[in-house]
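The following exercises, each with a worked solution, are to be read alongside the structure.

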Amino acid sequence: MTRFAVGDRVQVLALRKEGHVRIPYYVRNHAGCVTEYCGTYLNPEDLAVGKTSGPAVDLYRVAFVQRLLWPDDVIPAQDTLVIEIYDHWLTPAQDTDHAP
Amino acid sequence: MPHDHEHGEHEALIIEDEAGNIDAQIVVDALQQVLIAKGLLTAHEVTAAIAKLESPGLHLGAKIIAKAWTDPEYKERLLADGRAAVQELDIPVTEARIIVVENTAQVHNLITCTLCSCYPRSILGQPPSWYISKAYRARSVREPRRVLEEFGLDLPHDMKLVVHDSNADMRYLVLPEPPLDFEIRAASDLEAMISRDHLIGVARDVA
Amino acid sequence: MQDDKGSKGYHDVGGDPAGEIPKVELPWLHWEKQVEAIRGLLGDGTRRIVSLDEVRRGFESFGIDKYNSLSFYRRRLEAMTDILIEKGIVTQAELDSAIKAGTTRWSDLDETP
């Protein structure tokens, strides 16, 4: 049973993790919508320091409204960005007024 | 070691000059020699691995797309599980998963990897140099429409543009819309019309 | 509302200002293929000595000047070497010795009429 289902509103945490992470700066703290569950994968944060024994983590694809990622730019309302986020970087979204 | 690069407002790619390339060849040969001496690999393995790296390319991507256009059931399998569908064509895939994203009359897809250069290498080979450039990686997520204009593609304002940042374990291919006359064309003709730019998403119309 | 989002690596460029995209098509050189081949072999199921994730950590730890001054495949080569030395698989001395011998061979070739 995964923590999130397709369609769930989620927010990307701004984990202050040092070392190798695969969650880009531009998407941290933003809210989006889960579009796909990708399965479980070994955590690159661990693999980068040679820890290969797991545990594997859930990976989701999350869609963001571009206009909300880049509020100072002029962007058509329907444009989106989809990116892969590991489970421990996600939390249920608090706000409900940003729908992709 | 000296090498060419440009500074200024247009940050170009770092390109090794001849001395830089010779230096790099010496270093990688030295590394290989040390690793062989330690029994960690053999020269034969390296040669074979290089041959395997050289074999994928656009021709494999074009084969997948042309088949998807002409075989609707294959297309459904491709969209559902890209890796399995690609392997059906005897194309070995090393990436964990392949996600094929479909262009439609209302939607255009663009692929990028902002953190490094993730790309479906086992299918398409190495990415083009511009895909790895800082400029593409920085701008493809923030101003993709301007990026597409630089590639000669003006998207209609009401078309939806979806940018996919391949930051983790998925790798992506764009399935472009087929040309209008695809049903009367031979597979080899269709394959010849497909470019790498179509598969990344910086080109849209296949004609 | 943007809280402190943690540190941003110099490789983490999504959304940064940047100029025109350089639409060059560079050839893929033999040494570059060799770098990828060796990395792939060292990371394969029989060895698992250096993973792609470790190589990425490697070039993300160069420091911005080194990162910005190296070509893409040179970054991979340097990062892979750094990780191998870090893990004690090879030593800098072994590598330097092999490089010195290799440089001599190249110079000898140069001097051949």
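**Exercise 1.** Determine how many bridges join strand E1 of chain B to E4(B), and state whether the residues of E4(B) are buried or exposed.

*Solution.* Step 1: strands are DSSP runs of at least two residues, numbered from the N terminus, and two strands pair if DSSP finds at least two bridges between them. Step 2: E1 (residues 97-102) of chain B and E4(B) run parallel and are joined by six bridges. Step 3: B:Arg97 stands opposite B:Met170 in E4(B). Step 4: a residue is buried if 20 or more other C-beta atoms, placed from the backbone, lie within 10 Å of its own. Six of the six residues of E4 (residues 170-175) of chain B are buried, so this strand is largely enclosed by the rest of the structure.

The model is predicted; local features need pLDDT of at least 70, side-chain atom pairs count only at pLDDT 80 or more, and totals for chains, interfaces and linings use all residues. Residues are numbered from 1 along each chain as its sequence is written, while chains are lettered from A and ligands numbered from 1 in the order in which they are written.

**Exercise 2.** Identify which residues of E4(B) point one way and which the other way.

*Solution.* Step 1: in a regular strand, side chains alternate between the two faces of the sheet. Step 2: B:Met170, B:Tyr172 and B:Val174 point one way, and B:Arg171, B:Leu173 and B:Leu175 the other way.

**Exercise 3.** Describe the contact between chain C and chain A by residue class.

*Solution.* Step 1: residues are in contact if their C-beta atoms, placed from the backbone, lie within 7 Å. Step 2: 16 residues of chain C are in contact with 17 residues of chain A. Step 3: the side of chain C that touches chain A has eleven charged (Asp, Glu, Lys and Arg), five polar and no nonpolar residues.

Conventions. Two residues are in contact if their C-beta atoms, placed from the backbone, lie within 7 Å. A residue is buried if 20 or more other C-beta atoms lie within 10 Å of its own, exposed if 12 or fewer, and partly exposed in between; C-beta atoms are placed from the backbone. Helices (H or I, at least four residues) and strands (E, at least two) are DSSP runs, numbered from the N terminus.
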